[in-house]
Amino acid sequence: MIRTDLKGLSAAEMEVWAVDHGLGTYRGRQIRHWALTRFVKSFDEMSNLPKTLRTLLKEKAHIFPLREIKAVQSEDGTRKYLHQLQDGHTIETVLIPERDHLTLCISSQVGCAMNCSFCATGKQGLVRNLTPGEIIEQVILAKRSLEYPDRLTNIVLMGMGEPLANYDAVIKALRNLIEPDGMNFSHRKVTLSTCGLVPEIERLARDITVNLAVSLNGADDETRSRLMPINRKYPLDQLIQACKSFPLPNRRMITFEYILIKDTNDRDRDAHNLCWLLSGLRAKINLIPLNADPESLMMPPSMDRIFHFQKILTDRHFTAIIRKSKGRDILAACGQLKGAFESKFC
Ligand code: SAH
């Protein structure tokens, strides 16, 4: 018998589940509150539920879809978790300390089908989509591991996988994250990062309000298609048009991520193309020096080159921030810990 993963249910679905099991709708709300906000480890901890209901829950439902199998802490405080799913597959979650809060980077798929040439996850191919419950549970486990769970205020979908390729599950998870009777994250502090699936960007704009980040990495079609095969399907003019149409609440911007790779996309003309491409957009550019995979020939540019690239953008009045790669010593770039773990342990 398949047990229902309650963390993935919407408020309405949770009430239906309760009624289907002979309970009142308020029981559904109570269970949802426990599942999403109390970080319990077992149904027995749901102390205001009758024992018979806890027994029913154990038989018919589950809310613990992940098991932490490894947690490593970097010198800079970045913490990386490797979680095992019930079918044995593993995913990564990264907790990043910022000045006054914590950001959690969560995964949306096991592996990824997008095959970007710089990305370790892409090499693993797509294994499967995560369920809404598995996406949410990454946040719950991180909160549970913290002395002050409220410090975790920001969520980015920048871990393994392409969130918009797992659209329905991601939307359900995001709703449970931001709804006031769910986990109550501010939608201003939740960011979905995509490689640029144009129809889904348009859909996202209609379905939910969260921040959008786009992994750009190339400012002309030839360079971008070489790094990111998805660009052949949705070239830059379509992607930029979708970004221009994306509704932005007051003073919000779209973040464009640009991994800098030596002699590939770090030339002056790339910076100039980038300015041209993003002109007229409310854009913030994150420059990310490539986190080099030991098996790849691609390298990050020198810091001088990176500052020079940044200056071209800031001279044209773009906000361009160099994102220091955190957690290098614990292999925190997308998919790297999983790769290292499996080569050692599997
Ligand atoms: N599929 C989504 C989300 C996953 S990748 C997307 O493409 O946006 C999210 C981020 O991982 C990328 O934008 C990039 O910032 C980072 N990343 C992946 N591989 C990297 C590498 N080798 N070096 C530095 N950053 C990397």
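**A loop residue and a ligand site**

Tutor: Asn-166 is found in the loop between strand 9 (152–157) and helix 6 (167–178). Helices (H or I, at least four residues) and strands (E, at least two) are DSSP runs, numbered from the N terminus. This is a predicted model, in which local features need pLDDT of at least 70, side-chain atom pairs count only at pLDDT 80 or more, and totals for chains, interfaces and linings use all residues. Residues are numbered from 1 along each chain as its sequence is written, and side-chain values use heavy atoms, with hydrogens and water left out.

Student: Is Asn-166 buried or exposed?

Tutor: Buried means under 20% relative accessible area, exposed over 50%, and partly exposed in between (1.4 Å probe, protein chains only). Asn-166 has a relative accessible area of 6%, so it is buried.

Student: What does the side chain of Asn-166 reach?

Tutor: A polar contact is a pair of N or O atoms within 3.5 Å; within protein, one must be able to donate a hydrogen and the other to accept it, and residues adjacent in sequence count only if both atoms are side-chain atoms. Here the side chain of Asn-166 reaches the backbone oxygen of Ser-108 at 2.9 Å.

Student: Which polar side-chain atom lies 2.6 Å from an oxygen atom of the ligand?

Tutor: That atom belongs to Ser-193. Glu-162 also places a polar side-chain atom 2.9 Å from a nitrogen atom of the ligand.
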